Amino acid sequence: MKVKVLSRNPDDYLRETKRDIHKVFRNYNPVLHPFEAPREYLRALNATKLDRVFAKPFIASLDGHRDGVCCMCRHRKKLSSIFSGSCDGEIRQWNLTNRQCIRTLQGHTGFVRGLTCSADGNMFISVGDDKTIKHWNTDALSEGRDFPINTLVTKSLYTGVDHHWTEATYATCGQTVDIWNLERAEPIRVYKWGMDSVNSVRFNPVETNLCISTVVDRSIRLYDIRAAVPLNKVTLKLKSNVAVWNPMEAYVFTAANEDHNLYTFDMRKLDAAVNVHTDHTDAVLDVDYSPTGREFVSGSYDRSIRIFPVLSSGKSREVYHTKRMQRVFTVRWSADNRYILSGSDETNIRMWKARASEKLGMVTPREKAATVYNDKLKEKFAYHPQVKRIARHRHVPKSIYQAMKEKRLIKESQRKKEQNVRMHSKHGSVPRVVEKKKHIVTFQE
Amino acid sequence: QDPFHGEAPIAMEKMEAYKRGSEYDTKNIRNKNLKRRMKSSEEKYNSAVKRAARYELLLTEEPGFLETEEGEESWSIDQRTIADAADIASANKHFELKLNQFGPYRIDYTRNGRHLLIGGRRGHVAAFDWITKQLTCEMNVMEAVQDVNFIHINISLKVIIDYQVHRFIELELRMYCTCASVKEKNVTFSIKIGCFFFMSFSSSNQHGFLQYTDVSIGNIVSTINTKGGRLNIMCHNPHNAVVLLGHHNGSVTMWTPNQKEPVVKMLCHNTAIRALAVDQCGNYLATSGQDRKMKIYDVRMFKPLHSYQLHTGPSNLCFSQRNLLAATCQNVVQIYKDPCVQEHPYLTHRLRLPVEDVAFCPYEDVLGVGGSDSFVSLLVPGAGEANYDAFESNPNRSKKQRREWEVKALLEKIQPDMISLDPMVLSKVDHVSMERLRKDKEERMGFVEETAKFEPKHKNKGRSKSGNVEKRKQKVHGATIREQIKEEMKAKREKLLKAEESSLDQIAV
């Protein structure tokens with residue numbers, strides 16, 4: 001007779017000294033883990049709730065400017081440097097790690113309309129209402145730091161500037177889109193198409209010869225700087241304030257429009273938008289992409305900042321607002337994908353977390369594993385009604401809330417009216433237009 | 001050259017054991033993006049199943065066994081021989097406590113098999129660590145004790161005393177009675193604690209009421225009138241937490257706290273039911289009746305699998321973690337190894353006086369038997385699960401680990417309205433709601449079929465007085481009714497026309 005009775009040697013199961021960690025044995029047999037689905041669901045619910053509990057996105061406010069901040073630019077090589085220009089012509093350089101202003105420059109008399117950093121990071125360019133373009137040194141500790149390296153006095157007013165991502169050229173926009181070389185005092189190429197003024201200009205970080213501009217005649221025009229003629233354009237129903245390229249996808253750009261929406265287009269197919277992002281309740285003034293290319297942040301006239309995913313449904317993932325923050329003129333996403341900066345009308349630049357409940361400091365491996373697990377759980381159960389309800393819930397200022405309600409009502413009534421018209425007209429005479437095509441008036445190759 | 005090139009093969013049965021649900025066929029998905037995502041998630045899932053199946057190599061312990069030689073039968077082997085043949089540590093697990101003063105004893109083990117609670121009918125209640133024989137607490141409650149049970153924290157226990165369910169918490173080695181529930185004079189017969197819900201279910205005889213209590217908060221979740229008369233046979237299915245009740249007419253009913261009606265009603269025996277037990281996976285149900293039969297059912301399909309005829313119907317039944325079945329007939333304890341296959345018992349043990357209660361210790365090869373004048377701990381090789389998962393229930397846990405486990409368990413506490421026959425319902429796609437939503441959307445987008453309430457527009461200058469609003473509403477209501485009537489008349493006319501045509505045809509012919 002052979003007998004074996006289960007007996008566990010306590011030495012194998014208990015720790016030897018107090019300083020050791022406890023021994024943990026696992027058995028993944030599903031029989032030993034009953035109620036997997038309800039438990040996972042509850043863990044997902046708890047994770048969502050904790051996410052909301054720990055969502056404290058506001059980090060700090062950089063104050064110092066004496067007038068509204070109307071433009072900002074990131075240093076293209078350093079993570080910690082930011083340049084901002086205000087409506088009284090002052091340009092400041094900030095160190096984000098200390099949240100201090102390292103340098104103050106009286107750049108222009110009048111608004112600072114555009115700021116951009118050069119490709120190698122040595123120099124930045126500012127453009128203002130006093131019809132000058134100024135080149136400055138980015139090094140805050142150099143000898144001639146308070147004076148521009150170069151000043152170009154021009155004949156017309158410029159409203160925006162952007163530097164090429166690899167070469168030593170930059171583009172300005174105003175009456176026309178001008179391409180400049182760093183050594184020359186005259187633009188090397190001028191693009192003129194109609195009599196309307198151009199709001200903003202941006203170079204493509206991936207396909208570096210492409211550049212996009214938004215024009216007051218409600219169109220968005222694309223240029224290849226190697227060609228003498230503009231490429232193509234798309235016209236929307238209302239004017240776009242800014243159009244920004246996606247840093248990961250070469251041909252995708254997003255335009256921030258006056259009709260409270262943002263439109264993402266693929267340059268190769270301009271007859272339909274890739275996505276229409278609704279959620280703002282007033283004109284969208286600025287957009288900036290995250291370095292991952294999957295999300296972007298937008299600042300609007302309705303005193304809020306929203307973060308949108310590029311490819312999802314078109315609704316915002318997050319909304320940031322403060323009582324003290326007034327009209328948001330400019331937003332930037334930091335290059336390490338963690339922070340968002342917003343410059344607004346009440347002279348403050350605010351620093352926010354890109355992911356509101358993220359822990360900023362040192363994260364131990366166990367914490368990281370727990371965070372990753374919770375994220376996956378939230379993703380898995382995202383469509384369950386209770387989880388969805390909690391994840392979606394955001395407090396929003398009363399004005400925005402009322403405006404959202406009103407917009408919803410308007411949209412619903414417009415839809416009903418269209419349906420009624422369709423019902424009572426000849427079959428096929430009122431065609432259905434997809435949302436993505438609805439806002440485009442024309443496009444031209 | 002590597003003779004065993006590539007990965008080691010894994011047996012299909014092992015893979016099946018770790019799979020939850022069937023594979024999803026990604027061939028027919030039209031949307032390329034979705035297809036790519038589904039394919040990659042299926043691959044990830046399959047690799048996870050493979051790794052879990054392969055992890056079995058790393059399990060340290062092997063389950064116990066008893067192999068007999070030619071001519072020897074396992075049921076004739078007595079406990080002393082087994083204890084002599086096994087090692088010292090195991091031999092110490094076989095002991096007998098002579099407790100002849102306080103009546104028949106009911107027993108309960110904690111979920112991790114470390115502590116044991118015994119309660120005598122005459123009021124003696126004691127909890128101790130049965131391996132180290134260290135007494136946690138002992139007292140006499142001065143009332144008749146019907147049943148005892150550990151709650152999730154092993155320092156608190158529930159005792160049913162005559163009319164009431166008392167809950168004791170150990171605080172500095174003294175027992176404080178915290179709550180006495182149930183106001184009416186109902187004699188409660190048995191309680192069982194369901195773990196992930198922190199709920200206890202108690203049954204009473206006079207009116208046939210089944211009561212669910214949330215043990216962590218202390219409130220009564222629901223009281224159900226089962227209308228089944230005296231309820232003294234109760235068992236709970238650890239797989240999906242439904243309560244099974246055995247009735248005097250031979251039927252077994254299953255209850256959840258959400259419904260006032262039994263979820264399932266099965267007729268198991270022609271006579272009264274004496275005992276019920278469900279195995280850990282929720283596959284098998286063992287029932288015994290006054291007709292001296294013991295039957296095994298498949299609980300998921302409700303089909304009878306096997307039927308034994310014994311010399312009496314067993315008065316207690318219990319399944320172990322590895323699906324051994326313990327049945328007690330008067331003073332004999334019989335243990336069956338594969339209840340569906342073998343007719344003869346695996347092991348037997350005879351006590352002097354009739355057996356009151358029987359319970360397998362989780363994660364150990366031990367069966368605890370509460371008799372009329374003693375408590376016996378029997379060695380049953382192959383009863384317990386060899387490898388425990390420390391994150392679920394850890395027999396060797398420290399005080400800190402226990403506290404952490406308690407907090408985590410309370411966070412994951414499943415609400416009573418999630419209890420249903422299928423515990424994995426939450427992970428499945430809710431086809432019904434989806435269909436309904438889709439239909440609603442189609443209707444919305446397609447035609448204005450919304451007979452939603454007509455709300456007349458608010459007008460100024462007194463034109464929105466209540467009387468005027470009502471008039472406007474009536475106008476619209478009248479219009480819709482007229483439309484409906486018109487359509488009905490049209491349909492009727494068409495029907496009549498068709499009927500006329502057929503009669504005319506007949507005449508013509």
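R39(A), R43(A), E392(B) and E412(B) are linked in a network of salt bridges, where a salt bridge is a side-chain nitrogen of Lys or Arg within 4 Å of a carboxyl oxygen of Asp or Glu. This is a predicted model, in which local features need pLDDT of at least 70 and side-chain atom pairs count only at pLDDT 80 or more, while totals for chains, interfaces and linings use all residues; side-chain values use heavy atoms, with hydrogens and water left out. Residues are numbered from 1 along each chain as its sequence is written, and chains are lettered from A and ligands numbered from 1 in the order in which they are written. The model scores ipTM 0.82 and pTM 0.86.

**Confidence in chain B**

- Chain B has a mean pLDDT of 83, with 85% of its residues at 70 or more; pLDDT is the predictor's confidence in each residue, from 0 to 100.
- Residues 170-187 of chain B have a pLDDT below 50, and beyond near neighbours in sequence this stretch has 45 contacts in the model (contact means heavy atoms within 4.5 Å).

**The two chains in outline**

- Chain A comes to six helices and 30 strands, and chain B has seven helices and 29 strands; helices (H or I, at least four residues) and strands (E, at least two) are DSSP runs, numbered from the N terminus.
- The C-alpha trace of chain A spans about 105 × 75 × 45 Å along its principal axes.
- Of the 445 residues in chain A, 49% are buried; for the 509 residues in chain B, the buried share is 45%. Here buried means under 20% relative accessible area, exposed over 50%, and partly exposed in between (1.4 Å probe, protein chains only).
- Among contacts with a separation of 6 or more, residues 24 or more positions apart account for 49% in chain A and 44% in chain B.

**A four-stranded sheet in chain A**

- Strands of chain A form an open sheet of four in the order β3-β4-β5-β6, with antiparallel pairing; two strands pair if DSSP finds at least two bridges between them.
- At the edges of the sheet are β3 (69-74) and β6 (100-106) of chain A, each pairing on one side only.
- On average, neighbouring strands of this sheet are turned by 20° against each other, direction ignored. The axes are lines fitted to C-alpha atoms, for helices over the stretch in contact, and angles run from 0 to 180 degrees between N-to-C directions.
- Inside this order, β4 (residues 81-86) and β5 (residues 90-95) of chain A pair in the antiparallel sense over five bridges, and S81(A) stands opposite N95(A) in β5(A).

**Salt bridges**

- Over all chains, a search of the whole structure finds 45 salt bridges.
- K269(A) forms a salt bridge with D271(A), with the closest N and O atoms 3.4 Å apart; D271(A) is partly exposed, at a relative accessible area of 24%.
- R350(A) and E346(A) meet through their side chains in a salt bridge (3.1 Å, N to O), and both R350(A) and E346(A) are buried.
- E7(B) and K50(B) also meet through their side chains in a salt bridge (3.7 Å, N to O). E7(B) lies in the segment before α1 (12-18) of chain B and K50(B) in helix α2 (residues 32-54) of chain B, so the pair ties together parts that are 43 residues apart in sequence.
- E7(B) counts as exposed at 59% relative accessibility, whereas K50(B) is partly exposed, with a relative accessible area of 35%.

**UniProt annotations on the model**

- UniProt positions are given in the numbering used here, feature names are shortened, and annotations may be inferred rather than shown by experiment.
- In the model, residues 62-104 of chain A are 0% helix and 58% strand, with end C-alpha atoms 13 Å apart; residues 277-318 of chain A are 0% helix and 45% strand, with end C-alpha atoms 13 Å apart.
- The UniProt annotation "domain: Sof1-like protein" (unreviewed entry) covers residues 354-440 of chain A, a span of 62% helix and 1% strand whose end C-alpha atoms lie 31 Å apart.
- In chain B, UniProt places "domain: BING4 C-terminal" (unreviewed entry) at residues 345-423; over residues 345-423 chain B is 16% helix and 28% strand, and the end C-alpha atoms are 33 Å apart.
- UniProt also places a "coiled-coil region" (unreviewed entry) at residues 24-51 of chain B, where the chain is 71% helix and 0% strand and the end C-alpha atoms are 20 Å apart.
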